[in-house]
Amino acid sequence: MKHLRNKSVVVTGCCGTVGSELVKQLLEQFEVGHLIGIDNNESELFFIQQEYQNNKNASFYLGDMRDKEKLTQLFKGVDVVFHSAAYKHVVLCERSPYDAVQTNIIGVQNIIEAANAAEVERVIFTSSDKAVNPTNVMGTSKLMGERLITAANNSYRNTKTIFSSTRFGNVLGSRGSVIPIFKNQIKKGGPVTLTDPGMTRFIMSIEEATKLVIDSSILAKGGEVFVTKMPVIRIKDLAECMIEQLAEKYGHNPEDIKVETIGSKPGEKLYEELMSGEETRRTIELESYFSVRPAFDSIYENIDYDYPGKLNDSIDNPYNSEFETPLSKEQLTAFLQEHNLLED
């Protein structure tokens with residue numbers, strides 16, 4: 001908490017699931033000196049501004065990641081930037097690839113240049129599991145975002161800014177996640193639709209995702225990608241647990257709600273990768289995270305990736321949901337209840 005106390009911070013995409021939770025934690029728990037929230041969603045920005053209208057340490061602005069001049073202006077005097085703004089829906093990015101490039105790739109470069117111009121201390125970019133061996137436009141754009149962040153840290157001369165990325169899996173309960181979809185299907189009496197009964201995913205709560213982003217800002221040496229350790233679930237188990245817990249609440253008999261397999265979407269994987277086989281050679285294991293070091297060393301400085309609580313200097317296996325033991329249905333139900341994911 002001392003690391004961020006009285007600091008001036010920016011949260012891009014402040015109206016999104018992770019962005020809004022970042023705003024909440026930074027203001028309420030970390031005692032930042034001033035928080036600037038940026039988003040291009042006018043309606044949601046109005047509501048978050050209303051929520052914090054009595055907090056003198058918070059300011060909210062309309063802005064777009066494509067507008068480098070606006071970002072440069074807002075970054076003046078800022079210490080830390082948390083960049084969570086992005087296009088994140090796979091199908092929409094697939095249908096509008098140019099827009100995904102403009103926001104998710106060129107937007108990241110705009111963040112980098114604005115941060116360098118303002119001499120920001122640290123920039124933390126929120127990436128995605130879909131950046132690992134990408135099979136779609138969204139994942140490819142996130143991978144390029146990671147590469148730009150690493151290159152900014154390793155190639156820029158005379159910069160004071162530390163650039164790092166975070167990479168995490170499914171944030172359960174977030175907008176567009178499977179939980180609100182399953183809830184609505186159960187409320188209507190089913191069927192609950194699965195793409196494939198063998199599909200596995202890493203999961204985390206919104207609070208855990210936000211903790212990863214904030215921890216990364218403290219641990220970051222520069223250029224690395226932080227990957228959080230997290231449990232694995234079968235999507236079929238999630239559907240069945242939610243039916244068992246919610247059907248009667250919505251006036252239905254759990255046995256009457258069917259689970260229907262509809263097939264995988266284009267570009268969708270049956271398992272989730274948070275680290276590739278190539279990356280294992282340069283990965284450091286910490287207690288709660290992995291740190292993937294850059295493939296190329298910094299041109300202008302030697303960075304010592306020595307973290308407190310380091311467990312191993314290397315790992316043997318890629319971090320893949322296909323090879324991890326999934327939670328039992330009892331453990332999964334406990335996770336959902338602990339994080340209030342079954343509440344409306």
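Guide: Two strands pair if DSSP finds at least two bridges between them. Strands (E, at least two residues) and helices (H or I, at least four) are DSSP runs, numbered from the N terminus. This is a predicted model, in which local features need pLDDT of at least 70, side-chain atom pairs count only at pLDDT 80 or more, and totals for chains, interfaces and linings use all residues. Residues are numbered from 1 along each chain as its sequence is written, and side-chain values use heavy atoms, with hydrogens and water left out.

Visitor: Why are E10 and E14 called paired?

Guide: E10 and E14 share 4 bridges, and the definition asks for at least two, so they pair; the sense is antiparallel. Val-227 stands opposite Phe-290 in E14.

Visitor: What makes E6 and E10 a pair?

Guide: They have 3 bridges against the required at least two, so they count as paired, in the parallel sense. Arg-167 has Val-227 in E10 as its bridge partner.

Visitor: Why are Val-225 and Phe-226 called buried?

Guide: Buried means under 20% relative accessible area, exposed over 50%, partly exposed in between (1.4 Å probe, protein chains only). Both residues are buried, so each falls under 20%. Val-225 and Val-227 point one way from E10, Phe-226 and Thr-228 the other way.
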